[in-house]
Amino acid sequence: MHTHLAEVGSTNDWLLAHAADLPDGWWVRADRQTAGRGRRGRVWHDGAGNLMASVLVKAEGPVQQFSFVAAVALRGAIAAACGVETRLKWPNDLLFDGAKVSGILLERAGDALVVGIGVNVGWAPDDLERPAVAVGGSVEVLFAALARHFALWRGRWAMEGFAPVRAAWLAAAQGIGGRIEVRLGHETLTGIFEGLGDDGALLLRMGDGRVRPVHAGEVFALGGRDAAGD
């Protein structure tokens, strides 16, 4: 169940506008975007030759957990379709050799949720704050794999809760035990990346030994890119 568009402003915007008329689980994919965006209002490049897709989720449950469902599903899809093993950076970035390969953006549509996913398949932009890389392969094959893996992990989440999603995310996490900096907007924290809380929060061990949960922020490695994959 999906709509394929040659060009659109944003797959998220298209699905947000049509959410009331479409069923749960409907995907939209575009060959080109003219107004794509990432988290915190960043521009998501046009990406011709890359995967740009969004899925409609009409289900109850903690919205933030779908960020991890999408990340784990996308990691499995990229491995299956492109033969590339990625690592996960909190909350939902996928990295290959420390460089970013994808972006995931969640937005509300009334009582529903739109999950937007972009993957550098054919090429990667070179004018970003952080390095990016393309995974190669076929956009069509990757999209089909993503739809399957997302349905699989969403089903597991619905039946078993967040625990299996959290376990899969932690198994692929980059930088646990490394020193990181977390920028919250109004303050910047440094500490040790301890892992993932039961609700998806980043667990940061502070200098005084306290573990502080972080629910939103920008994460950067300290002491080398491999520490946390900045």
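Five aromatic pairs turn up in this predicted model, where rings of Phe, Tyr and Trp (its six-membered ring) pair if their centres lie within 6.5 Å. Planes under 30 degrees apart count as stacked, over 60 as edge-to-face and the rest as tilted. W27 and F143 form one of these pairs, an edge-to-face one, with 5.6 Å centre to centre and 90 degrees between the planes. This pair links distant parts of the chain, as W27 sits in strand β2 (residues 27–33) and F143 in helix α3 (residues 139–160), 116 residues apart.

A word on the ground rules: residues are numbered from 1 along each chain as its sequence is written, and side-chain values use heavy atoms, with hydrogens and water left out. Since this is a predicted model, local features need pLDDT of at least 70 and side-chain atom pairs count only at pLDDT 80 or more, while totals for chains, interfaces and linings use all residues.

**More on the aromatic rings**

- W27 counts as buried because its relative accessibility is 5%; buried means under 20% relative accessible area, exposed over 50%, and partly exposed in between (1.4 Å probe, protein chains only).
- F143 also counts as buried, at 8% relative accessibility.
- Another pair, F66 with W157, is tilted, with 4.8 Å centre to centre and 50 degrees between the planes.
- F66 lies in helix α2 (residues 65–82) and W157 in helix α3, so this pair ties together parts that are 91 residues apart in sequence.
- Both F66 and W157 are buried.
- A cluster of W27, F143 and F150 is linked by ring pairs.

**R154 in helix α3**

- Helix α3 also holds R154.
- With a relative accessible area of 15%, R154 is buried.
- Leaving aside neighbours within four places in sequence, R154 is in contact with D24, G25, L56, V57, K58, A59, F66 and V69; contact means heavy atoms within 4.5 Å.

**Backbone points to look at**

- Most residues other than glycine have a negative phi, and most peptide bonds are trans.
- The peptide bond that joins W90 and P91 is cis, with omega about -5 degrees.
- P91 lies in the loop between β4 (87–89) and β5 (93–96).
- D97 has a positive phi, near 55 degrees, in a residue other than glycine.
- You will find D97 in the loop between β5 and β6 (99–100).
- D97 counts as exposed, because its relative accessibility is 64%.

**The overall picture**

- The protein has four helices and 13 strands; helices (H or I, at least four residues) and strands (E, at least two) are DSSP runs, numbered from the N terminus.
- The radius of gyration is 17 Å, which agrees with the value near 17 Å that a compact globule of 230 residues would have; the radius is taken over C-alpha atoms, and the globule rule is 2.2 Å times the number of residues to the power 0.38.
- Along its principal axes, the C-alpha trace spans about 50 × 40 × 35 Å.
- Of the 230 residues, 50% are buried.
- Among contacts between residues at least 6 apart in sequence, 62% join residues at least 24 apart.
- The accessible surface comes to about 10100 Å², and 52% of that belongs to carbon and sulfur atoms; areas come from the Shrake-Rupley method with a 1.4 Å probe, and for residues, only the protein chains shown count as cover.
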